[in-house]
Amino acid sequence: MSFLEKPAPGSLLLDDTVPLTAMIEASQNLQSHTVCGITLPLPPKKLIGNMDREFIAERQRGLQTYLDTITQHPLLCSSLPVKKFLDPNNYSANYTEIALQQVSMFFRSDPKWEVLEPLRDMGWRIRKKYFLVKNKEQTKERYLLSWVDLGPDKFLSDKDLQSAIKLLTSLSVRTTSESSALLIRPFSEKGSLRDHICKVKPRESYLKKYCNPKKSQGLELPHIKLYGRQILEGLKLLHDAGIFFGHLHTSNVLVDDGVCRLMDVENGMLGVPSALRPAFTQFRKINTTESIDVFCFGHLLYEMTYGRPPDSVPIEQYPPAPSTAVVSVLQSILSTEACKSGMPTVSALMQTPLFSDVQLQRSEKLQIKVPGRLKEALKAAKESLEKRLLEEQRLLHQHRRLTRAQSHHCSEEEKKKRKILARKVSTHQQGFFVPSSGSGASSPPTCPSSPTPPSTTGTSVRLSLQLSL
């Protein structure tokens, strides 16, 4: 598809953050192996008796554990090889080649730009590719070009989208079409906040950098306070202007000489799903763009404190932290009570003891001036985004209820109760009714089939692998 070509009618915009699951039907044994420093469990080989039914079942359970380990890992599950293996129909395209074609078309229309090198696997998004480019008129400066497909949360019209992206002054080039966007910004050699935490080189593959970092370490308390306050100020600036973000994490924060800058603010306008969407859709009280940003800030603060993102949310027990004030803020965002009752506001977080005494140097009060018409368009798009989130949360809640009902209905205790009730009914009928000739006593009622819950939270894939035993 060319850069200015319209998407095919009826084509779906996939949400790549939707988790995939897999179910083994048959299995093949290989030795266990390591991916990006993570040891993935595979069942051991067996030369004698490898066709025994029990051994095959054990092998199948081992392979299921292997697949579960991959699909539950936050980085591996979103990588293109895993997506292509589990869902080849939707992930068979060569996205790098598509990006190169469209970037080449753009350069033909604006010849002052030149590609220096593609930055392969720099980010985790499958439909977003990066290139290091330069301006022929400024040969010493280096720029980062990113090409990305529009996502399912894109609710701004094409005209309003172009106007909204112009508000982001950090972008040198902002070109959008009906299917994708091409953006150019200055390239930072110093890397992101996550690069600083993991102590890695910015240009390395994201899987190599972040999958199992060996040197990651939490920040010292002064940096936690300073960076956290700067990030909260950035969020408040966006919220006051009516701009929705939803993509806050340590990889989207650049650090340069003690100053933090939010990156990829345009993702919300482009409709790209948030990396934490599978996490915050679990909680019905996180239903606004502002509460999503606060939830993301909680994850970011946890990673700044402990050197790694949280394994799961909610969190009740925290490792030792540099200050009790840090744990207090984390509890206000990531605890069970917070996830059930709602997130604090950005302004409330700025007034906590952790951030209230941080002094920021400002020459003038920052403000984003948004025209009235565009402000209304952003508000409408924000409402549409929140409506889609609420509907997804409703379906997920319904799915959970059906799953609980099915589990309860099929429990051994319930089966025993139904058998006892069936015997009582049968005895009662035999005591009060005389069966006619040729007819037997009424049989006990059979166990009704339990409801099958709809699949709303992800794509389930059934795999049939050749046996090689």
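What is on the screen is a predicted model, in which local features need pLDDT of at least 70 and side-chain atom pairs count only at pLDDT 80 or more, while totals for chains, interfaces and linings use all residues. Residues are numbered from 1 along each chain as its sequence is written, and side-chain values use heavy atoms, with hydrogens and water left out.

The protein has 15 helices and 11 strands; these are DSSP runs, helices being H or I of at least four residues and strands E of at least two, numbered from the N terminus. Of its 469 residues, 44% count as buried, where buried means under 20% relative accessible area, exposed over 50%, and partly exposed in between, with a 1.4 Å probe and protein chains only. The accessible surface comes to about 25,700 Å², and 53% of that belongs to carbon and sulfur atoms; the areas come from the Shrake-Rupley method with a 1.4 Å probe, and for residues only the protein chains shown count as cover. Taking contacts (heavy atoms within 4.5 Å) between residues at least 6 apart in sequence, 67% join residues at least 24 apart.

The structure holds one cavity of 30 Å³ or more. By cavity I mean a set of points, on a 1 Å grid over the protein atoms alone, where a 1.4 Å probe fits but cannot get out; lining residues have an atom within 4 Å of a point. About 150 Å³ of space lies in the largest cavity, the volume being the space filled by probe spheres set on the points, which are joined across faces, edges and corners.

Which residues lie nearest its centre? Of the 17 in the lining, they are Phe245, Gly246, His247, Ser274 and Leu385. Helices H8 (266-270), H9 (277-280) and H10 (289-306) are the elements that give two or more residues to this lining, and H10 gives the most, with three.

Finally, the backbone. Val313 and Pro314 are joined by a cis peptide bond, with omega about 10°, and Pro314 sits in the loop between H10 and helix H11 (324-334). Lys199 and Asp264 are not glycines, yet Lys199 has a positive phi of about 55°, as does Asp264, also at about 55°. Lys199 is partly exposed at 46% relative accessibility, whereas Asp264 is buried at 9%.

Note on methods. On a 1 Å grid over the protein atoms alone, a cavity is a set of points where a 1.4 Å probe fits but cannot get out, and a pocket is an open set with protein on both sides within 12 Å along at least five of seven lines; lining residues have an atom within 4 Å of a point.
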